[in-house]
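Dear colleague,

Please find below the structure I am handing over to you, followed by a summary of what was found in it.

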Amino acid sequence: MGLESLIVTRPRIHQPCAACRMLRRRCDSNCILAPYFPCDEMDKFAKVHKVFGASNVIKMIQMVEETNREDAVKALVYEATARMRDPVYGSTGAICQLQKMVQELKMQLESTKARVLELQQQKDQLWSVLMNVNHLDLLSPINGGDNFCLGYDDSIAYDPDKFPVVGDWIF
């Protein structure tokens, strides 16, 4: 006789949902809470139960169409979690805080856009000044080369023999 023949398969026993387990009641197959609070998610139901109470949770779930019940339970869990964190404002406090952050970010964005526009205008002004310098004929070629200098005689700057290097200003 092998080891496989000694193992007896047992029929699967229905485990109570988290709500029935916490409330210490019998969980039958038509339990309204079982689909939304499985046995391994006790903390979810504990939060909802602490904030709303089991009978209120059942009433709220029954008031919602069956197709929307899962979303309703998620909303209850979210609100219960928020109420545990902030008993006074709950999720409203978090929403207000996020709205305030959005407003601050909008103001920062507008400020940044204005600064970008200002810098763009400065760039355009500088570009037009540079383009007008060409028309004023202030630049002239030196010895027919590609080097340009202003219209005064600064050839000393190009000849190291004529440009004395004296002083403490050289580091």
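A residue counts as partly exposed when its relative accessible area lies between the buried limit, under 20%, and the exposed limit, over 50%. Cys96, at 43% relative accessibility, therefore counts as partly exposed. Cys31, by contrast, has a relative accessible area of 11% and is buried. Please bear in mind that this is a predicted model.

On the question of disulfides, the count is 0. A disulfide requires two cysteine sulfur atoms within 2.5 Å. The closest cysteine sulfur to that of Cys31 belongs to Cys20 and lies 3.6 Å away, so the pair is too far apart for a bond.

As to the overall fold, the protein chain holds 6 helices and 2 strands, arranged from the N terminus as α-α-α-α-α-α-β-β. Of its 171 residues, 17% are buried. The chain exposes about 14400 Å², with carbon and sulfur atoms supplying 58% of that area. Among contacts with a separation of 6 or more, 36% link residues 24 or more positions apart.

The largest nonpolar core comprises 19 residues, and those with the most contacts inside it are Cys17, Leu33, Phe37, Phe45, Val57 and Ile61. Two or more residues of this core come from each of helix H2 (18–23), helix H3 (42–52), helix H4 (54–63) and helix H5 (69–85). Phe45 deserves a separate entry: beyond its neighbours within four places in sequence, Phe45 is in contact with Ala18, Ala19, Met22, Leu23, Leu33, Phe37 and Ala54.

With kind regards

Methods: Residues numbered from 1 in each chain as written. Predicted model: local features only at pLDDT ≥ 70, side-chain atom pairs only at ≥ 80, totals over all residues. Heavy atoms only, no water. Helix = DSSP H or I, 4+ residues; strand = E, 2+ residues; numbered from the N terminus. Buried < 20%, exposed > 50% of the residue type's maximum accessible area, 1.4 Å probe, protein only. Contact = heavy atoms within 4.5 Å. Areas by Shrake-Rupley, 256 points an atom, 1.4 Å probe, with all protein chains shown as cover. Core = buried A, V, L, I, M, F, W, Y, C linked by side-chain atoms within 4.5 Å.
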